[in-house]
Each structure stands twice: as structure tokens, then as C-alpha cells.
Amino acid sequence: MTDEEHELVRQRRLKLEHLRAIGRDPFAITRFDRTHLAEEVTGGYCELEGHAVRVAGRLMSLRVHGKAAFGDLVDVSGAIQVYFKLDNLGAEQYNLLDDVDIGDFLGVDGAVFTTRTGQITVAAGRLEVLAKSLRPLPAKWHGLRDVETRYRQRYVDLMTSPEVRRIFIVRSQVVREIRHFLDFRGFLEVETPMMQPIYGGAAARPFVTHHNALDIDLYLRIAPELYLKRLIVGGFEKVYEINRSFRNEGVSTKHNPEFTMLEAYQAYADYGDMMRLVEELVEHVCGEVIGETSLTYQGQQISLAPPWRRISLLDAIHEYAGVDPQRLLDCSSAREVCRELDLPSGEDTHLATLVNNIFEARVEPQLIQPTFVLDYPTAVSPLAKRKPDNPDLVERFEPFIAGQEIGNAFTELNDPLDQRRRFEEQARERAAGDEEAHPMDEDYVRALEYGMPPTGGLGIGIDRLVMLLTDSASIREVILFPHMRPEGGR
């Protein structure tokens, strides 16, 4: 803190000491019987005019005019103006304002009226200081440095920015509507382990921990996929989980090590069914939360109404990057394409990785309107079923909106023999140094050997969906407490 800030804190502590000395210790108060939220007072004025109410909130402004003052109390619903008058409160109560600062929590009893300017107001007849703010609220939040402070001190960010509060209210509504949508369609919400002896379900590095009593290493899950599909084997036909997953990867505007996903699985369905489910789910959530199925994201008009465009991965590369798909059939020619496009093209890079590099750099940013990109290489999709007419590709899609991927889905591989071969290939890649290759999971293969019906599965990044619906450019804007380096850390 600066010297000025230290002085402000000192003054606030002196005011706290004075309140305690006169028997008004705010931290000794245990509860306040509030009758109305701010929004209920302003919205119900016709019925409440002249009636007594009890309101409470954080004081965000105070304008003193001698023997009268106006203040704004903010609660979870909004702000309400309060009128403090010496003649109404009496000297003892009115003088409490001398020890009140912006940021303090106040409780007010009084009658509802409108001022000469038409402002709905509560005329205070009694005042209580419910909690003292010992630090001054920041006057401004701008610039890169303050962005970092906003994320570290989200509590201050929330109290000073109605827009930030709105984002997280929307986030809660999104999760609620996802549940409503899936519950109505007969899906069963379940919970699967967050600590797993074998991690799987995605290509990512895990966080590792140790269980002392069992004396084994465990991994924070990178995805719940393999456990959810075990439930399909067990007889459930529609399951979903809104889950926290963890990946030991870099931090960016699109990635946070801890994130929230929806994963859902439906027996007797394929990736075409999952496409329709995604379209309908996103349309429903958008309509219920923001009231329409079109929106503006970072200046771009986007319609989420079905049907969404469908295009194969290789056709998308041809259309948006101008690359002949025939040049992506072997490593040598694909590597040459990457060099022409000034993209990574190492001699040991797999063909699928080369193709993915081209797609991410040249195609993904151009997929503004909702688009399903279909049919990915088998080599990068170890849990998806092969296409019957082309075993080098799988029935997999990723939905893209506003230039970013919001999910991943496929027709699930239910052949235990093929699954074992793919795991073994992944094991060879791990041995060759690929830390993100999928580990062998013998129990999952055993589960498949008992038989799993044809199944479609999908994952949707809830953080990215909330970004879209709130016009947020960074994932940190939609996560209450994003991971960051420690203050003063390297």
C-alpha cells in the first residue's frame, strides 16, 4: 500500500475504535432482519409508497449536506437510495455517519418515498453499521496491471463492477439451463472420481498427487469420459456430468488449468445425434439466458439457430487455407505445406499433428458462425469409432463458434480389441516422448469386453460457452478465481 492508503486505513480503524467505544461495534452484530431487496423496493414502489421497509447493503456513495445526507446501498439485486435526515434519525443516530465510510455495510429501517427528482428512496428512521470496511475501495480499475489485480482480488472486482456480477449470474443461469435441458430429455446426472489412478479421456498432462493411506499416486482427472462410459456399459443409457477437470498446461485467454466441462453420453446414438443435441442445447441455453438465439461477440454478429454448418476437416482446410487435401495424405507433403505456411514442421512430427497445426492456424480463426468440423484422423482420436468407409478417419466432430472450439464429440469406440490396439499405439508414443499420449487402461478395456452398445458422447466447455454469451474475450473473465502466479512470484 502507498503512504496515502496506509493513512486511509489508519483513519478507518480509528472510526472503528470510536464505534466500539460508544457501544456500536459493527462486528458484534450477528444478523439483520431485512424485509426487501433493493430491486423489490424500486420495482414495487406503487405498493410500498409510505410503508416501512428494512434494507441492507454496502454503502457505495454518501453525499452529506449539513443536517441531511443521501447514500446508495447496493445489495445482490441492485442499488437503493437512502435519505438520512437529522430530524428523522436524531442526533445520536445521525452522528453515526461521521464514522461511516464508503464500503461499510449498513442496515436501514425507513419509509419509501420519491424525491423531487423522482428517485425512489428510503427515508431512514433507524441506522445500524453492520460491518466496517477497513480498506478503501479502489477508485478506478483499468490497464493491464489492474486487470491482474481484478483477478487476484475478485471480491473487490465484484463489489465495484455490476457488469462483472452480471457475468457470473449468467454463468449460473447457463449451468442451470444445461441441467434443465438434459434432465427433460431423460439424462441422469452423475458424479465420477476427480482423483483417478489412471487418467484418460483426453490428450493432456495431469496434475499428480499422493494418497498417503493407500500409498499410491493419483491424478486429478483431465476428463470424466472413461468413467461415464463405464456407466453405459453398466446399463445406464443417458448420463451426464457437469465436472471440474484439470490439465497441467499453459494459461491463456482460452485455457485455465482448472475448468468446467459438460460431458454427456447416450446409448444407441452416433455423432450425428450428438450434433443435433449440441445445436438444440446451445439454442435452448442462449434463448433462456439472453432471450434470443443471436448475439454479438467481440463485434461479430452470430446466429446460434440450427442447423449449423457441417464440413469435414480436410474440406475446411481446403476451403479456408487453400491447401489441396491430397497434399495432406503423407508426412513429407504435409511437412512441405507447413513450411510454405510458416508453421511448425519438425521431422519427427506426426502427420495428424501437422494437419492439426494447419487447421488451428489457418482455419479455426475463420469459423465465426457455428460450424461442426467432422471426421478427424484416427491417430489423434484413440477413443472414437472409425468411419466405415475410411478407417484412417473417425466419426468425430468439434463445434466452433466465433473462431474457437467449444467442444469435442464422437461416436464412441466400443470394440475392445480395436481399443486395446489404439491404447498400445498410444503407449508406444508415450515411450517415444509424447507426454500427452493416452495411457493404457486395462480396466476400461475389460469394461468394453462386457459389451457397450453403440454410443454417442460429447464434451462442451462451459467456460467457453459463457465467454460467448457474455461477450468476454478471456476465459479469466468468466472464472471467479482463475489461477495466477503468486503475488511477487516469478
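**View 1. An arginine lies over a phenylalanine ring in two places.** The charged end of Arg54 sits over the ring of Phe32, 4.3 Å from the ring centre. Arg185 does likewise over the face of Phe181, at 3.6 Å from the centre of that ring. A charge counts as sitting over a ring if NZ of Lys or CZ of Arg is within 6 Å of the ring centre and within 35 degrees of the ring normal. A word on what you are looking at: this is a predicted model, in which local features need pLDDT of at least 70 and side-chain atom pairs count only at pLDDT 80 or more, while totals for chains, interfaces and linings use all residues. Residues are numbered from 1 along each chain as its sequence is written, and side-chain values use heavy atoms, with hydrogens and water left out.

**View 2. The protein chain as a whole.** Here you can find your bearings among 16 helices and 20 strands. Helices (H or I, at least four residues) and strands (E, at least two) are DSSP runs, numbered from the N terminus. The C-alpha atoms fill a box of roughly 85 × 50 × 50 Å, taken along the principal axes. Of the 490 residues, 48% count as buried; buried means under 20% relative accessible area, exposed over 50%, and partly exposed in between (1.4 Å probe, protein chains only).

**View 3. Tyr271 meets Phe397.** The whole structure holds eight aromatic pairs. In this one, the ring centres of Tyr271 and Phe397 are 6.5 Å apart and the planes stand at 40°, so the pair is tilted. Rings of Phe, Tyr and Trp (its six-membered ring) pair if their centres lie within 6.5 Å, and planes under 30 degrees apart count as stacked, over 60 as edge-to-face and the rest as tilted.

**View 4. Leu262 in the largest nonpolar core.** This core has 49 residues, of which Ile178 and Leu262 touch the most other members. Helix H10 gives the most to the core, with 10 residues. A nonpolar core is a set of buried Ala, Val, Leu, Ile, Met, Phe, Trp, Tyr and Cys residues joined through side-chain atoms within 4.5 Å. Leaving aside neighbours within four places in sequence, the contacts of Leu262 include Ile178, Leu182, Tyr240, Leu281 and Ile460; contact means heavy atoms within 4.5 Å. Apart from this core lies another, of 37 residues, with Ile232, Ala321, Ala334 and Val363 among them.

**View 5. A closed barrel of five strands.** The strands follow the order E1-E2-E3-E5-E4, with mixed pairing. Strand E1 (residues 52-65) and strand E2 (residues 68-75) are antiparallel partners over seven bridges. Two strands pair if DSSP finds at least two bridges between them. Look for Arg58, whose bridge partner in E2 is Val74.

**View 6. Strand E9 and its two partners.** Four bridges join strand E8 (residues 208-211) to E9, and the two run antiparallel. Val208 has Tyr219 in E9 as its bridge partner. E8 and E9 form a hairpin with four residues between them, and Asp215 in the turn has a positive phi of about 55°. Strand E7 (residues 195-196) is joined to E9 (residues 216-220) by two bridges, also in the antiparallel sense, and Met195 stands opposite Leu220.

**View 7. Helix H16, enclosed.** Nine of the nine residues of H16 (residues 462-470) are buried, so the helix is largely enclosed by the rest of the structure. Asp471 follows H16 and has a positive phi, near 55°.

**View 8. Leu313 and its surroundings.** Leu313 lies in helix H11 (residues 313-321) and is buried, with a relative accessible area of 4%.

**View 9. Backbone details in the loops.** A cis peptide bond joins Pro306 and Pro307, with omega about -5°. Tyr268, in the loop between strand E11 (258-267) and H10, has a positive phi near 65° and is exposed, with a relative accessible area of 58%. Most residues other than glycine have a negative phi, and most peptide bonds are trans.
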